Amino acid sequence: MAEIKNVSTENIYRLDGRVPILKAIPFGLQHILAMFVSNLTPITIIGAASGLDNAQIAILLQNAMFIAGIATLIQLYPLWRIGSRLPIVMGVSFTFVTILSYVGSTYGYETMVGAVLVGGFVEGTLGLLAKYWKKIITPVVAASVVTAIGYSLFTVGTRSFGGGYTPEFGSAQNLLLGSITLVTCLVFNILAKGYWKQLSVLAGLVVGYLCAMMMGVIDLSQIFSGGLFSLPHLFPYVPKFNIGAILSVTIIFMVSAAETIGDTTAMVSGGLNREIELREISGSLACDGYASSLSALFGCPPVTSFSQNVGLINMTKVVNRFTIMTGAVCMILAGLLPPIGNFFASLPESVLGGCTLMMFGTITVSGIQMISKAGFSQRNITIVALSLAVGIGFTSASEMDIWHIFPQVIQDVFAANCVAVVFVVSIVLSLILPKNMDIVTAQNKD
């Protein structure tokens, strides 16, 4: 009876507790729709750069949906110390696109798979050993990284709003669809009552999708192109190992670890209103790494925590693990039932962009709130100001190519990744700056 009483819609704002299944599914589905297209796009880019044909890429897309669902379940309900027990949604990260495209095109897709297999194991092991190095990730470092993540996603949201990586980017049709979706989200958020207000993103996606259908943007003929049922393909590519490729990819795994720490910290701060715990960081990183190695066994790129969903949690405050679990199950079904996956994948980029603009903005706001909690001491101001100035400035001024004198591996890691630069600069400053940099006045001395 106690368990039955614990079933309540209000539990969507609590980490634990059951939610009525029919009311939980829309919230879980909202999380999956918010990241579905972005989860598949990196594979398409990496596969094409590595010389894979459409049939081979289609197999990898199915595998990626299945693995993302499994990895999300592990984050929600940990296996031993692997998993954070937090409402983190996992998916294929854009962070690895540049380096994996290079490795795949230079050494072959099998070598890329081998590099991901090893790099994921390294990150996962470092995650389990987080207690030995976590102290260098001070609150102001985490706050700087979260702020940088929000900033870096602005261009992702704008790219989606304009239609994605297509020749029609910025067309009137795409801008109209994105605007309709964004306005729907805002209006729904204003007019809806109670917990329904938190479904504004799903409402925007539905209205945007229907408008796209009426405009003839969506091709429903491909929904059943992959059959009704298909099991994921284990070992579609036998891993090959190259030390240079492994080192390059492992470095990017360290960058991804910084993003995961930032994402997890932002989610706990904005969604649960508390400080993150060591075991949560350790479990989150372990899941990122080992799930990425598992992903490699299915021929896919690494899976990591998705910043889109962190923004969604910060905006809606829906943190219930059971609710997010229903979304993970939908993702697994999408990997087993091609029509479901094809239907989700048919969501236009511009519709997704209309929903994500505000979500990404909330991540930046969370970073600013974290900076405020860390305190505006002279030391903290110096760390935040310089790390953001260097990180954003050195990666935004593409016409100046300030990285051109560095080795290619350094360029691959830092030239287009402001989060990596902010992470490194903020840690270095945190380690070398004196603990007290505040100006001491005569009044303070008295």
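Where does Trp 80 lie? In this predicted model, Trp 80 is placed in the loop that runs between helix H3 (54–76) and strand S1 (90–92).

**Salt bridges**

- The structure holds five salt bridges, and one of them joins the side chains of Arg 321 and Asp 16, with a distance of 2.7 Å from N to O.
- Because Arg 321 belongs to helix H12 while Asp 16 sits in the loop between helix H1 (2–5) and helix H2 (21–49), this pair ties together parts that are 305 residues apart in sequence.
- Salt bridges that share partners join Arg 274, Glu 277, Arg 279 and Glu 280 into one network.

**Nonpolar surface patch**

- Val 206, Leu 210, Met 213, Met 214, Leu 220 and Phe 343 make a nonpolar surface patch of about 580 Å².
- Helix H8 (residues 200–214) gives the most to this patch, contributing four residues.
- Leu 220, another member of the patch, is located in the loop between H8 and helix H9 (243–272), and Leu 220 is partly exposed, with a relative accessible area of 40%.

- Thr 181 has its place in helix H7 (residues 172–191), and its relative accessible area of 0% makes Thr 181 buried.
- Leaving aside neighbours within four places in sequence, Thr 181 is in contact with Gly 204, Leu 205, Gly 208, Val 351, Gly 354 and Cys 355.

**Positive phi outside glycine**

- Trp 80, a residue other than glycine, has a positive phi near 60 degrees, and Trp 80 counts as exposed at 65% relative accessibility.
- Lys 317 likewise is not a glycine and has a positive phi, of about 65 degrees; Lys 317 is found in the loop between helix H11 (307–316) and helix H12 (321–336), where Lys 317 is partly exposed, with a relative accessible area of 34%.

Terms used: Residues are numbered from 1 along each chain as its sequence is written. This is a predicted model: local features need pLDDT of at least 70, side-chain atom pairs count only at pLDDT 80 or more; totals for chains, interfaces and linings use all residues. Side-chain values use heavy atoms; hydrogens and water are left out. Helices (H or I, at least four residues) and strands (E, at least two) are DSSP runs, numbered from the N terminus. Buried means under 20% relative accessible area, exposed over 50%, partly exposed in between (1.4 Å probe, protein chains only). Patches are made of residues with over 30% relative accessible area and no salt bridge: like charges are joined within 9 Å, nonpolar side chains (Val, Leu, Ile, Met, Phe, Trp, Tyr) within 5 Å. Accessible areas come from the Shrake-Rupley method with a 1.4 Å probe; for residues, only the protein chains shown count as cover. A salt bridge is a side-chain nitrogen of Lys or Arg within 4 Å of a carboxyl oxygen of Asp or Glu. Contact means heavy atoms within 4.5 Å.
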